[in-house]
Amino acid sequence: MRALSRFRPAIITLGTTLLLVSACAKAEDSDTPAASGANASAGAQVAQSAAPGAKSCTLDQFGGTKVDLSTAKIGFSQSEKEANPFRIAETQSIKDEAAKLGIPAANLQTTNANSQFNKQISDVEQMIDSGVQLLVIAPLNSDGWDSVFAKASAKKIPIITIDRKINADSCTDYLTFIGSDFEKQGQRAADKMAAALGNKGSVAILLGAPGNNVTTLRTKGFKDQIAKVAPDIKISFEQTGQFSREEGQKVTEQLLQSNSDINGIYAENDEMALGAEVALKGAGKAKGDVKIVSIDGTKGAVQGIVDGWISAVIESNPRFGPLAFETATKFFNGEPIPEDIIIADREYDEASAKTDLGSAY
């Protein structure tokens, strides 16, 4: 297994989807993306600014051939069932952008692994066998993709991974990763938790599903930042809730039986946070008795802030369609594509949740 490292933001010029460098710098200084105009109101993804000398890949380096996306066969592999608002928005964004670009519906193959990794591998291999010329994959796990890489490499099919990163070599096994800085998300969640608790108390972590870099890095970022900014906050409980609302509720119910004096819950996605909210209500807790901070930016969680049950939400923007297809277009036109395209995510708290609810998904 290749070691996971923190992502280095890489610059890419992708038309109006991206911010100017000066705006990006401002966003990074404040940890809040500086979006404006139509992009901001539509909740479009924006990419962070450059890491000088970052690795990139061109069509010549990759060894493929130019493809016209308007007539190409394209495969999209979704990892989890679309009961989760993040997955619904992610898949719909891919479909909407394909339609916007005039790609025939029959040329876009979509599959859903329903959280079964073996099925996702099989789905992708079948798409390769069927003749797709571009793959966009939302991976369930970060490892175990060797058979897919072998098949795709033999046919020189570029792979764009979104949301979760695969542990592999860019420009060889895959083209690029588009997604958030997950460690930074955890750090920002820790800052919000520290503020909500006044820098002291006992916190539980509802971990995401094991086996992917999202869980690993969101956990690391949170723990490291809590130790740095609020050493009097103790992490007294952590257990996976599988990124599921039902599991989040179940784990929180167990938590409240064994740690009734818990002050805060860090949920590594909104679905688990909403499950925790149900459990808190069932245990007779009042709004604000236990501070909840989560990551995603779903309407349900942002509404939870408005209603007083959730303290803050760090966004993880699932609207990958425009950036994924524009990246592919640039690549097939011979332009260099960064190894990592890191998007800037907003955040929601008591001050912004009501006015920004329309930006949630």
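**A buried disulfide and a parallel strand trio**

C57 is buried, with a relative accessible area of 1%. This value comes from a predicted model. The partner of C57 is C171, and the two cysteines form a disulfide. A disulfide is a covalent bond between the sulfur atoms of two cysteines. Here the sulfur atoms of C57 and C171 lie 2.0 Å apart. The structure holds one disulfide. The torsion about its S-S bond is about 65°, so the C57 and C171 link is right-handed. C57 belongs to strand β1, residues 56-57. C171 sits in the loop between β5 (159-162) and β6 (176-179). The pair therefore ties together parts that are 114 residues apart in sequence. C171 is also buried, at a relative accessible area of 14%; the cut-off for this class is under 20%.

Strand β9 pairs with strand β7 (residues 201-207). The two run parallel and are joined by four bridges. Within this pairing, I205 stands opposite Y266 of β9.

Strand β9 also pairs with strand β10, residues 291-296. This contact is again parallel, over four bridges. Y266 stands opposite V293 in β10. From β9 the chain passes through helix α10, residues 270-282, to reach β10. This β-α-β crossover is right-handed.

How values were computed: Residues numbered from 1 in each chain as written. Predicted model: local features only at pLDDT ≥ 70, side-chain atom pairs only at ≥ 80, totals over all residues. Heavy atoms only, no water. Disulfide = S-S within 2.5 Å. Buried < 20%, exposed > 50% of the residue type's maximum accessible area, 1.4 Å probe, protein only. Pairing = 2+ DSSP bridges. Right-handed = clockwise from strand over helix to strand, strands pointing away.
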